[in-house]
Amino acid sequence: MQSKPSTLPRAVMAIPPHIWFGVSAVFHYLGPAFAVLLLPAVGVLGVAWFRIASAAAIFAPLTKSTIAQADARTRRLMLALGICLAIMNSSFYLALERLPMSLVAAIEFIGTIGIALYGLRTQRNLLALVLAVAGVIILIDVKWSSDPIGLAWAFLNGALFVLYIVLGHKISEAGAAGGIKRLGAAMAIAFVAVMPIGLVQAMKAFNDPILLAAGVGVGLCSSVIPYVCDQLAMSRLPRASFALLLCLLPASAAIIGAFVLAQLPTLKDVAGIALVMAGVAVHRPPDLEKPNEAQG
């Protein structure tokens, strides 16, 4: 187990974990662009199926050997993560079908605040959290909903997102390389779990090369690149520090919207982004040099 981290190129591990998180944040919001093409044809469950199926196919070369070589505890961990990913991704799209993105994001953010608060050790990091949360509140224009079903899906997605962070850190304890292999195995498990849920809807796109390409794009941009980058960050960051970095997601959405969709941010948006950036800059991981000792 000790040799697994060395299987990644030294240049990859030399890149700071915050950079890897930044890459994850960018692709987190590029993925939905492909989902827009799929939604009218296959619906929300079909999109969830394509997202997980294409990611599982990309990870396939890592899957068989990883499961075969894993001990019983690791297999249970990968099983839990796989089921979590399947239900989390499905509930995310089911929530978006009924609720505005800003409300779904706000509910998802509640749990990450809890993780960041749980890991607070210094007044400096408390200030960082206050600044980041204030910025997110400014950025997310939340309008409450009276749709109980949509809210139920949103809260389920938020709870499972917290579980993803916890389990993601657990599989990264052997290092980034080991974490990525375990992630690939978990994605295969997620595919088995989601197979009966979205296959019928997804089949509507099997004869359309453009929709199939969009399906691969959803998996690559929403699950493969972000989750791999998460592992490269999680393996070197304490859990609370990673949770704080999640405050960057609404800021990255605003920035990507400005450059890709020409949706220029307002002064309010700029103020929110500035507060989030200030919070991340002020934060100092207490054990950045030895993060895994705190994660065990």
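**Ground rules.** I note that this is a predicted model, in which local features need pLDDT of at least 70 and side-chain atom pairs count only at pLDDT 80 or more, while totals for chains, interfaces and linings use all residues. Residues are numbered from 1 along each chain as its sequence is written, and side-chain values use heavy atoms, with hydrogens and water left out.

**Overall make-up.** I find twelve helices and zero strands in the protein chain, with helices (H or I, at least four residues) and strands (E, at least two) taken as DSSP runs numbered from the N terminus. Of the 296 residues, 51% count as buried, which is to say under 20% relative accessible area, against over 50% for exposed and in between for partly exposed (1.4 Å probe, protein chains only). For contacts in the chain with a separation of 6 or more, I note that residues 24 or more positions apart account for 88%, a contact being heavy atoms within 4.5 Å.

**Helices α3 and α6.** The crossing of α3 past α6 is left-handed; the term applies if the near helix is turned anticlockwise from the far one by less than a right angle, and right-handed applies if it is turned clockwise. The residues making this contact include Leu77, Leu81, Cys84, Met88 and Phe92 of α3, and on the α6 side Trp153, Asn157, Leu160, Phe161 and Tyr164 are among them.

**Helix α8 against both.** I then looked at helix α8 (residues 209–234), which packs with α6 at an angle of about 65°, the axes being 9 Å apart, and α6 passes α8 in a right-handed crossing. Here Tyr164, Ile165, Gly168, His169 and Ile171 of α6 meet Tyr227, Asp230, Gln231 and Met234 of α8. For α3 and α8 the axes come within 14 Å and cross at roughly 130°, and the two helices are therefore oblique to each other. This crossing is also recorded as right-handed, with Leu85, Met88, Asn89 and Tyr93 in α3 meeting Val218, Ser222, Ser223 and Tyr227 in α8.

**Arginine 51.** Which residues does arginine 51 touch, not counting residues up to four places away in sequence? I find Asn89, Phe92, Tyr93, Val218, Gly219, Ser222, Ser223 and Tyr227. Arginine 51 itself has its place in helix α2 (residues 17–69) and is buried, with a relative accessible area of 7%.

**Aromatic pairs.** I count seven aromatic pairs in the structure, where rings of Phe, Tyr and Trp (its six-membered ring) pair if their centres lie within 6.5 Å, and planes under 30 degrees apart count as stacked, over 60 as edge-to-face and the rest as tilted. Phenylalanine 92 and tyrosine 93 have ring centres 5.2 Å apart and planes at 70°, so this pair is edge-to-face, and both residues are buried. Phenylalanine 161 and tyrosine 164 form a stacked pair, 6.1 Å centre to centre with 25° between the planes. Why are phenylalanine 161 and tyrosine 164 separated by about one helical turn? The reason I note is that they are three residues apart in helix α6 (residues 148–171); both are buried. Elsewhere, ring pairs link Trp49, Phe50, Phe191 and Phe206 into a cluster.

**Single residues.** Isoleucine 115, found in helix α4 (residues 101–118), is buried with a relative accessible area of 11%, and its C-alpha atom is separated by 7.8 Å from that of valine 162, 47 residues apart along the chain.

**Cysteines.** My search of the whole structure finds zero disulfides, a disulfide being a pair of cysteine sulfur atoms within 2.5 Å. Cysteine 221 is buried at a relative accessible area of 8%, and cysteine 229 is buried at 5%.

Methods. Axes are lines fitted to C-alpha atoms, for helices over the stretch in contact, and angles run from 0 to 180 degrees between N-to-C directions. Angles under 35 degrees count as roughly parallel, over 145 as roughly antiparallel, 65 to 115 as roughly perpendicular and the rest as oblique.
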